[in-house]
2 protein chains.
Amino acid sequence: MAHGYIGSMKTKPGKRDEVVAILLAAAEGLRDHGCHSYVVGLDVGDPDMIVVTEIWESKERHDASLRLPEAKEAIAVALPLLTGEFTGRELAIAGGLGA
Amino acid sequence: MAHGYIGSMKTKPGKRDEVVAILLAAAEGLRDHGCHSYVVGLDVGDPDMIVVTEIWESKERHDASLRLPEAKEAIAVALPLLTGEFTGRELAIAGGLGA
């Protein structure tokens, strides 16, 4: 089964657009690292909340992606724009449209 | 912007596979109703929890889909297998891989 991850991050006030741009710039390159889907969503109810939904070939490939130099660089740039409030939920993908 | 929805539902003990089958059977037909993605995930940390991540053309099309006869029928079949604990989160989709 593919590995799913739903992660949320809270940005400092007014910094959401900047963080979204960083995430979107990183997304396309993930395809070569076992990522099938990396969708950046804006919480409708909270102007400083981002929710990313991801599908990976495996949990191992997801974990490995966080050690890529480009990922470390993106994280370093984004981190000062975030409050430090994160949530994460791991899923086993059963299937569906677009899975 | 496309409309995203992350919904969780808790099944009665041992009923998750049955509910997943109902959701997967319904997923493919949603494509014709403005649904880009409908991914059924199993919470790794809870054997009775399902998390569905969805992307729709618009919130209006998502709302309308719940009034389709086939959706009402699927909901009627699944409902007795669920505890009634639901969560839902609405997103505006900024983009990303697979968005």
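**Close-up views of a two-chain predicted model**

View 1. The bridge partner of A:Met9 is A:Phe86, which belongs to strand 4 of chain A. Strand 1 and strand 4 of chain A pair in the antiparallel sense, over nine bridges. Two strands count as paired if DSSP finds at least two bridges between them. Strands (E, at least two residues) and helices (H or I, at least four) are DSSP runs, numbered from the N terminus. This is a predicted model: local features need pLDDT of at least 70, side-chain atom pairs count only at pLDDT 80 or more, and totals for chains, interfaces and linings use all residues. Residues are numbered from 1 along each chain as its sequence is written, chains are lettered from A and ligands numbered from 1 in the order in which they are written, and side-chain values use heavy atoms, leaving out hydrogens and water.

**View 2. Strand 4 of chain A meets strand 2 of chain B.** These two strands run antiparallel and are joined by six bridges. One bridge pairs A:Leu91 with B:Asp43.

**View 3. A:Arg89 and B:Asp43 form a salt bridge.** Their closest N and O atoms are 2.7 Å apart. A salt bridge here is a side-chain nitrogen of Lys or Arg within 4 Å of a carboxyl oxygen of Asp or Glu. Across the interface of chain A and chain B, the rule finds two salt bridges.

**View 4. Chain A touches chain B.** In contact (heavy atoms within 4.5 Å) are 34 residues of chain A and 34 residues of chain B. The buried area is about 2500 Å², and carbon and sulfur atoms give 66% of it. Buried area is the accessible area (1.4 Å probe) that two parts lose on being put together, summed over both.

View 5. The same surface serves both copies: 100% of the contact residues of chain A recur in chain B.
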